[in-house]
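Work through the exercises below with the model open. Try each task before reading its solution.

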Amino acid sequence: MTTPVTIIGAGLGGLTLARVLHLHGIPATIYEAETSADARTQGGQLDIHEYNGQLALEAAGLTDEFRAIIHEGGQALRVLDQHGAVLLDQPDVGTGGRPEVLRGDLRRILIDSLPDGMIKWGHKLTGVRPLGDGRHELTFADGPTVTTGLLVGADGAWSRIRPLLSDAKPEYVGTSFIETYLYDADRNHPAAAKAAGDGSLFAVTAGKGILGHREAGAVLHTYVALNKPQDWIAAILAGPDTAAAQVAAEFAGWAPELTALITDGETALAPRPISALPIAHRWDRVPGVTLLGDAAHLMSPFAGEGANLAMFDGAELGQAIAAHPDDVEAALEEYERALFPRSARFAAESDRNHQLIFGDNAPAGLLELLSGQEPTE
């Protein structure tokens, strides 16, 4: 292929695309705004699904590396009511198709699989301009202007590449996560650790919940979910000395071992407002440019598909380019033809799950969802 691929964003999707292209001998460059792979923490655990995320890693030739970073036992799942009573307890028996890994570990094995220099760190995109004939000019805050004949926006929810294709913008879905961590939890926070169990925890009622992950090293990662306006969340968290108490007050009367996941947090509470693109987001074919991952189909996290789809998109796009090395448009048409219905299906599932988990009959909707029953209206 004579047209090098320019990828904006070194997230999981962009890295997977670069890796698949590298395996096929196709030149590519990733431009990433962060200054290094370690510029910031990469978030918590991800469950990597056998029908998309694991297939992407297989296409990238990284299955063994992936298996080496799995958090054994992390697929355990527990649902509690607000008083701490166990409603569902599923141990990890080692046969599930959604093993848990840390996002940072997964990103590391992808980065390590690429040649030195393939990622241009510290390149924050400030402008993009169509030049005609599928070519685009890219401007960076600190770096040269770049011209490309094949541009891929893998730059996440607030993509600067998306406006070349679509006027759609993410909208707040009405729910925010508020995150914190508890460390050495079995020793320092035994009641909370016992309540959380060995894997994922859900304790939800209508419009709110306390969710958590047990990560390797006895780390508890708390996600407080609240159906509140973003300015309400911002106002609460503006006072760090009182923020935990005010957030916990939303769960007055809940079991203390659950509210301890908030009040015992050892890191500053961090807001994570949840936004989404329209469920059926798509665009008309524009020569020389496409999107993957959240840039293409940002959705709420309640189907657990975001990272999986980003990697799968990257693998599918890389394979399409490899299958049409001398016809960029044929590759992009093939990729988008499958992308649009796939992403719409999972976006609809995520939206439906969101309504079930935090709906008026919570936690019944969550239990029906996890048991595979058809939810009741």
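**Exercise 1. A strand between two neighbours**

Solution. Strands here are DSSP E runs of at least two residues, numbered from the N terminus. This is a predicted model: local features need pLDDT of at least 70, side-chain atom pairs count only at pLDDT 80 or more, and totals for chains, interfaces and linings use all residues. Residues are numbered from 1 along each chain as its sequence is written, and side-chain values use heavy atoms, with hydrogens and water left out.

Step 1: β9 and β10 (residues 146-148) run antiparallel, joined by three bridges. Pairing requires at least two DSSP bridges between the strands. Five residues lie between β9 and β10 in their hairpin.

Step 2: turn to β8 (residues 125-132). Six bridges join β8 to β9, again antiparallel. L125 has F140 as its bridge partner in β9. The hairpin of β8 and β9 has two residues between the strands, and D133 takes a positive phi near 55° there.

**Exercise 2. The parallel sheet**

Task: what is the strand order of the open sheet of five strands?

Solution. Step 1: the order is β7-β2-β1-β11-β17, with parallel pairing. Step 2: the edges are β7 (119-120) and β17 (289-291), each pairing on one side only. Step 3: β11 (residues 151-153) pairs with β17 over three bridges in the parallel sense. V152 has T290 as its bridge partner in β17.

**Exercise 3. Helix packing**

Task: how do α11 (residues 306-323) and α12 (residues 328-357) cross?

Solution. Step 1: their axes, lines fitted to C-alpha atoms over the stretch in contact, come within 8 Å and cross at roughly 160°. Step 2: angles over 145 degrees count as roughly antiparallel, so α11 and α12 are roughly antiparallel to each other. Step 3: contact means heavy atoms within 4.5 Å. Residues making the contact include L309, F312 and D313 of α11 and A331, L332 and E334 of α12.

Technical notes:
Helices (H or I, at least four residues) and strands (E, at least two) are DSSP runs, numbered from the N terminus. Axes are lines fitted to C-alpha atoms, for helices over the stretch in contact, and angles run from 0 to 180 degrees between N-to-C directions. Angles under 35 degrees count as roughly parallel, over 145 as roughly antiparallel, 65 to 115 as roughly perpendicular and the rest as oblique.
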